[in-house]
Amino acid sequence: DVSTLDPGWASSEQDRELSMNVYQRLLEYSFTKDSDGSYVWKGLDADPSLAESYEVEGDSAIFHLRTDVKFYPSGNPLTAEDVRWSYERSMKLGGGSDLSNGGLQKPSQIVVVDDHTVRFDFTDVKGNPVPATPTLLATMRMPNYGIVDAVTAKKHVTSDDPYASKWLRDNVVGTGPYYIAKRSPGQEIGLKAVPDS
């Protein structure tokens, strides 16, 4: 079984595998189709996912979000605030060490430009700007950086749990292709395709 449904706390292979199916990230792993029809992973390459497109400008990466994405089961639309809050919570929960190695040291470096645009500004540990690198962008594909429905999750925030970790441990509010239709902890997890996705 998984130890958590919360992408920010995904640590086991089971946690990560489930997160990849029920949450999406800004970027996903890139594959190329081989001559025999199989798909081959392209290393550090990343393809847009929740980001419709992105560009790198010096020490910043700007992501333009898809406008056709809704969270399941709430139906809330994906916004740049969902992205900002999801990354902030991952960094605050201790899962952001991969990000800090690549140039994201604190949540204030993630800027909501408008409802469908978010900018990441990269620095070293002393706050000096550093170029946005393919390595950091590749990190954004990892299961821990699944984008959470911030509107729904924030309804479960408490003073001792400012990122709704207790609630998200047992509940999924993602945009992945599947949702959890049934779960018997320690026995099985049944996934079904999200309707109309």
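The legends below describe several close-up views of a predicted model.

Residues are numbered from 1 along each chain as its sequence is written. Because the model is predicted, local features need pLDDT of at least 70 and side-chain atom pairs count only at pLDDT 80 or more, while totals for chains, interfaces and linings use all residues, and side-chain values use heavy atoms, with hydrogens and water left out.

**View 1. The ring pair of Tyr-72 and Tyr-179.** By the rule applied here, the count comes to 7 aromatic pairs; rings of Phe, Tyr and Trp (its six-membered ring) pair if their centres lie within 6.5 Å, and planes under 30 degrees apart count as stacked, over 60 as edge-to-face and the rest as tilted. The pair of Tyr-72 and Tyr-179 is tilted, because the ring centres are 4.9 Å apart and the planes stand at 45°. This pair links distant parts of the chain, 107 residues apart: Tyr-72 is in the loop between strand 4 (60-65) and helix 2, and Tyr-179 is in strand 7 (residues 178-184). Helices (H or I, at least four residues) and strands (E, at least two) are DSSP runs, numbered from the N terminus. Tyr-72 counts as partly exposed at 27% relative accessibility, and Tyr-179 is also partly exposed, at 21%; buried means under 20% relative accessible area, exposed over 50%, and partly exposed in between (1.4 Å probe, protein chains only).

**View 2. The stacked pair of Tyr-87 and Tyr-145.** Tyr-87 and Tyr-145 form a stacked aromatic pair, 5.6 Å centre to centre with 5° between the planes. Tyr-87 lies in helix 2 and Tyr-145 in the loop between helix 4 (134-139) and helix 5 (150-153), so the pair ties together parts that are 58 residues apart in sequence. Tyr-87 is buried, with a relative accessible area of 0%, and Tyr-145 is buried as well, with 2%.

View 3. The structure holds 2 cavities of 30 Å³ or more. On a 1 Å grid over the protein atoms alone, a cavity is a set of points where a 1.4 Å probe fits but cannot get out, and a pocket is an open set with protein on both sides within 12 Å along at least five of seven lines; lining residues have an atom within 4 Å of a point. Grid points are joined across faces, edges and corners, and a volume is the space filled by probe spheres set on the points. The largest cavity contains about 40 Å³ of space. Among its lining residues are Tyr-87 and Tyr-145, together with Pro-7, Gly-8, Ser-86 and Arg-89. By class, this lining has 4 nonpolar, 5 polar and 1 charged residues; Ala, Val, Leu, Ile, Met, Phe, Trp, Tyr, Cys and Pro count as nonpolar, Asp, Glu, Lys and Arg as charged, and the others, Gly among them, as polar.

**View 4. The second largest cavity.** A volume of about 30 Å³ belongs to the second largest cavity. The residues that line this cavity are Thr-4, Leu-5, Asp-6, Ala-10, Asp-15, Leu-18, Ser-19 and Val-22. The lining comprises 4 nonpolar, 2 polar and 2 charged residues.

View 5. Tyr-72 and Pro-73 are joined by a cis peptide bond with omega of about 10°. Pro-73 lies in the loop between strand 4 and helix 2.

**View 6. Arg-84 in helix 2.** Arg-84 is placed in helix 2 (residues 80-92) and counts as buried, at 18% relative accessibility. The side chain of Arg-84 makes a polar contact with the side chain of Glu-81 at 2.9 Å; a polar contact is a pair of N or O atoms within 3.5 Å, where, within protein, one must be able to donate a hydrogen and the other to accept it, and residues adjacent in sequence count only if both atoms are side-chain atoms. Not counting residues up to four places away in sequence, Arg-84 touches Ile-110 and Val-112 (contact means heavy atoms within 4.5 Å).

**View 7. Ala-164 and its backbone.** Ala-164 has a positive phi of about 55° although it is not a glycine. Ala-164 is found in the loop between helix 5 and helix 6 (165-168), and is buried at 0% relative accessibility.
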